Structure formats: C-alpha cells, structure tokens
Amino acid sequence: MIGLVERGGKLVAKMVRSVTTNRMKDFIFTNVSTGGSTLMTDESPIYYFVAWFMKHRSVNHNVQYVDGDVHTNTLEGFWSLLKRAWYGTHHHYSQRFMPLNVAGACYKYNLRNTPDLFDVFIRAQL
C-alpha cells in the first residue's frame, strides 16, 4: 500500500505489488503539486529522490514519531482505520477486491467532514 494525505485535505492511497522508488516517484508526481509542497515522510531511503524536486522533511521513528510539525501521523491514522475495517467489519479482504476496499476507505475518509454524506452520495448517483 502507498498513500499520501494533504494536511487538512484529501487522501489518496492504492495497493501496489511492491513499493519501489520508481512507483513511489510516479505516485507522488501524479498526486502532489511539487511547487509549494513539503513532503513529510519517515526515513525510508525510498524517498531520497524527493529532495531533488520538492521540499522534504522526515522523522526518524526509531527516535521519535513527531518532530515539531514533521510527522506521518495523519496517514498512519488512515492505515489504522483501514486495518480496523478489515479486522472488525470485513474480516477479510481478498486480493481481487482490495483496490476497491481501499478506494472505498479513501472515499469515506475524504468525505468524513461532510454534514449530509447520504445526500452527497445520492446526488452523485443521479
């Protein structure tokens, strides 16, 4: 799984067979406006390329989980919600339908502050 979330904004996530630098680079450039953005990550070496294209700050989870405003807690919170749905509600995600489960979780997360979500859903169906 790979994912990105804008602070106070939208989230995008998807299932991938393996996380590689090229896959991560494509995912970031497809979903992030590199001009004024700062990417905050853990210290995985997979993100080393980011500094060439945009601001990048990282937090070393072996030392701490938050360093001022640098943290990955927002995305970690989403992964936690996804896992809770997996274990608690669905009990199992088949590999075949995993992308749909992740897309559904992203949809719900992105509309979490919508006052009348049912109305939004019904209007989208028309």
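The chain exposes about 8,700 Å². Carbon and sulfur atoms supply 53% of that area. I keep in mind that this is a predicted model.

**Entry: the fold**
I went through the secondary structure next. I found four helices and six strands in the chain. I then read along the sequence and wrote down the pattern β-β-α-β-β-β-β-α-α-α.

**Entry: extent and burial**
I checked the box that the C-alpha atoms fill. Along the principal axes, it is roughly 45 × 30 × 30 Å. The chain has 126 residues, and 28% of them count as buried. Buried here means under 20% relative accessible area.

I also looked up contacts. I took those between residues at least 6 apart in sequence. Of these, 41% join residues at least 24 apart.

**Entry: charges**
I noted 14 positive and 9 negative charges in the chain. Their mean positions lie 8 Å apart.

**Entry: the largest pocket**
What volume does the largest pocket have? I noted about 770 Å³. The lining of this pocket holds 31 residues. Gly-3, Leu-4, Val-5, Leu-39 and Met-40 are the closest to its centre.

Which elements supply at least two residues each to that lining? I listed the strands β1 (2-5), β2 (11-14) and β3 (38-42).

Definitions and conventions
Residues numbered from 1 in each chain as written. Predicted model: local features only at pLDDT ≥ 70, side-chain atom pairs only at ≥ 80, totals over all residues. Heavy atoms only, no water. Buried < 20%, exposed > 50% of the residue type's maximum accessible area, 1.4 Å probe, protein only. Contact = heavy atoms within 4.5 Å. Areas by Shrake-Rupley, 256 points an atom, 1.4 Å probe, with all protein chains shown as cover. Lys, Arg positive; Asp, Glu negative; His and termini not counted. Charge placed at Lys NZ, Arg CZ, Asp CG, Glu CD. 1 Å grid on protein atoms, 1.4 Å probe; cavity = no way out; pocket = protein on both sides within 12 Å on 5 of 7 lines; lining within 4 Å. Points joined across faces, edges and corners; volume = space filled by probe spheres on them.
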